[in-house]
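Work through the following exercises with the sequence and the model at hand. Each task is followed by a solution in steps.

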Number of protein chains: 2
Amino acid sequence: MNPRLDEIAPSLIRALHARKRPGDVDFSLGEPTLRPDPRPFDAATAWVREHGCPYTPNAGSTDLRGLIAGYHAYPGMADAGNVCVTVGSEEAIYLAIKTLLDPATDEALVVEPAYLAYPKLCALEGVRTRSVALAAAEGFRPNAAAVLGALRPETRMVVLASPCNPTGRVWPQAELRALADGLAARRGLPIWVLSDEVYRELYFTTAPPVSMASLYPHTVVAGSVSKSNALTGLRLGWLLGPAEVVAQAVKVHALVNTAASTFADRVAVELFRDPASLAAHRPLYAERRGVLLGLLTRHDVPHVEPEGAFYCMVCLPDALSGNSLAAAERLLEEKRVIAVPGTAFGPSGEGWLRLSWVAAADDLERGIARIAEFFAESGG
Amino acid sequence: MNPRLDEIAPSLIRALHARKRPGDVDFSLGEPTLRPDPRPFDAATAWVREHGCPYTPNAGSTDLRGLIAGYHAYPGMADAGNVCVTVGSEEAIYLAIKTLLDPATDEALVVEPAYLAYPKLCALEGVRTRSVALAAAEGFRPNAAAVLGALRPETRMVVLASPCNPTGRVWPQAELRALADGLAARRGLPIWVLSDEVYRELYFTTAPPVSMASLYPHTVVAGSVSKSNALTGLRLGWLLGPAEVVAQAVKVHALVNTAASTFADRVAVELFRDPASLAAHRPLYAERRGVLLGLLTRHDVPHVEPEGAFYCMVCLPDALSGNSLAAAERLLEEKRVIAVPGTAFGPSGEGWLRLSWVAAADDLERGIARIAEFFAESGG
């Protein structure tokens, strides 16, 4: 047996979720509750009827690779050769870590609070990780200086997400610019940035999020249609990066699962041929976010206003803030509300709960009221 | 960069394939040219219309896992918990290697000639491999004694395929029994058998192939609907094994790509609910095989009669037998026929070419005639 598997902790979120009972309000989901547009599925089925369902090339169809690259239009990454179509953004993250890092010498620096698959994937690959925490007191504001200050000579990758799961924060252009400048100024081998942009289409700022890939050439991007189009189960994502990195990543991809699904590739071709479809769900999320923020304000629940994604970090009252896992367990037992303890996203999440607000409006209403009640009863 | 990627040689098959010109006869394909039944796609699309396209559980839907386990009905592996639904059998092979072997101490023994992803995946994971060759003089006959004689104390996995790509051989029950007995008689940690059964449904023997999983408890099986149902592009496979092994493999699977496609899961549920659909293409292959064997006999081309899969090893004449790669290149340049050099499947394949006989009957006719001509001109 591979001894590394023993080091991988089971998912806290799935463990909590397993205790869900009928009628519980579930704020733990990491996927949309919206329904996807079925028309791309009809089109893909018609395609299979005509062409069968053969393999795509390992890196995906040239059509789709070109469409994805052209849609993002990141400098130096605008061609099909800059894209590997993957099994969701999860595989893209895996490929980036597996391709770019040498376990013998390299370290990854994860910007926290963060999706816990980053350090777990590094552990699976034998790559050392450290994390750098964004300050809870500043609402987890993205902070280039903090990241730059945490670099070590062996750091070869910085992992960040914008919009961020779990904080909902978006990296502002100025902070990304400062990070790019700081990284570019370092001597020696380049430090890669893995920019997780799986929530790219779900933003509530005036302008769309800026990508680190627009500012810094040593960037690789993980993305997918999972969240933008309520297609988590389609497993269609991409790794976008310099062509020579993508070519190496395709070697790993080809060995690990040959190629992504031809059917999913065709569904995604339909979506990218009409890029407006990638933004179609944004207004629904914006409306739901408005409901959420109204409720949090009305019930006086301290929180970080989400700029993107569909999560919101709420701050535990002092009496509960030392143990967010215990707080989440009590919230579930006493109030039948499932929220994810902040520590599921690293130590810097202690004192917080992550709410996923894709739930229906009346669930939001009931759930936030119960959370407020729970906080009040706990001396919040 | 991960230095292991430099060790992974590019695919010889893809390199040859890239030189294909219009009108060439292509015997290099590793996938069916048949069309899949589109009805399961219609059913899956209807399901998405009703339910959306959310994630399945990491290991696949309980429905599908139960159906797959029940269909195979291997002893001790007949429940949903014995199945992880994967992105094709390729991912199942990856999961088996990644889960069961400790790169620090363990070695895998590959039974050759073999699908070259086995040693490449081991190289990617830092696992040492050796190979044991089945004798070309005996038509690559499966041979338990040869495998048992090649074991070393550090061998923790034997990798075999039945039906075999590239030889078309099926392991007879008596040889599997001898292998099982020999492995069981060894002291110390168990030696795992990775049984690649991706061609399980395509057999031309009287009885279906016997699985090592029926005879030896330390077996894990890789399978998929890719070949049986002409669905290579669906990327739907499975790892079947003891529940505790599958549980560990699911950890890797969850991190590397979260889950297989929900859509593909639904397509596969349709297929397994009507198991006859898994055998539907077999008569077509049997007929094509008859055409092939007739042509090879008529043109006096020495070959190994395929018992399964859709490949046939043909023996190069003496003048060409020292360099199957050069022979394949000349065959392509001089006769416009693409065949895969035997060395693509390990050193034991030297002196042979692999023909994939999924081509249309008139392509078979033209291609075999040209091969015979080429052999004759080369002094065969």
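**Exercise 1.** Determine by what turn and shift chain B can be laid on chain A.

Solution. Superpose by least squares on the C-alpha atoms of residues with pLDDT of at least 70 in both copies.

The model is predicted: local features need pLDDT of at least 70, side-chain atom pairs count only at pLDDT 80 or more, and totals for chains, interfaces and linings use all residues. Residues are numbered from 1 along each chain as its sequence is written, while chains are lettered from A and ligands numbered from 1 in the order in which they are written.

**Exercise 2.** State how many residues each chain gives to the contact.

Solution. Count two residues as in contact if their C-beta atoms, placed from the backbone, lie within 7 Å. Chain B gives 52 residues and chain A gives 52 residues. Of the interface residues of chain B, 100% are also interface residues in chain A, so the copies meet through the same surface.

**Exercise 3.** Describe the backbone and burial of Thr258(A).

Solution. Phi of Thr258(A) is near 70 degrees, a positive value in a residue other than glycine. Next, count neighbours: a residue is buried if 20 or more other C-beta atoms, placed from the backbone, lie within 10 Å of its own, exposed if 12 or fewer, and partly exposed in between. Thr258(A) has 22 C-beta neighbours inside 10 Å and therefore counts as buried.
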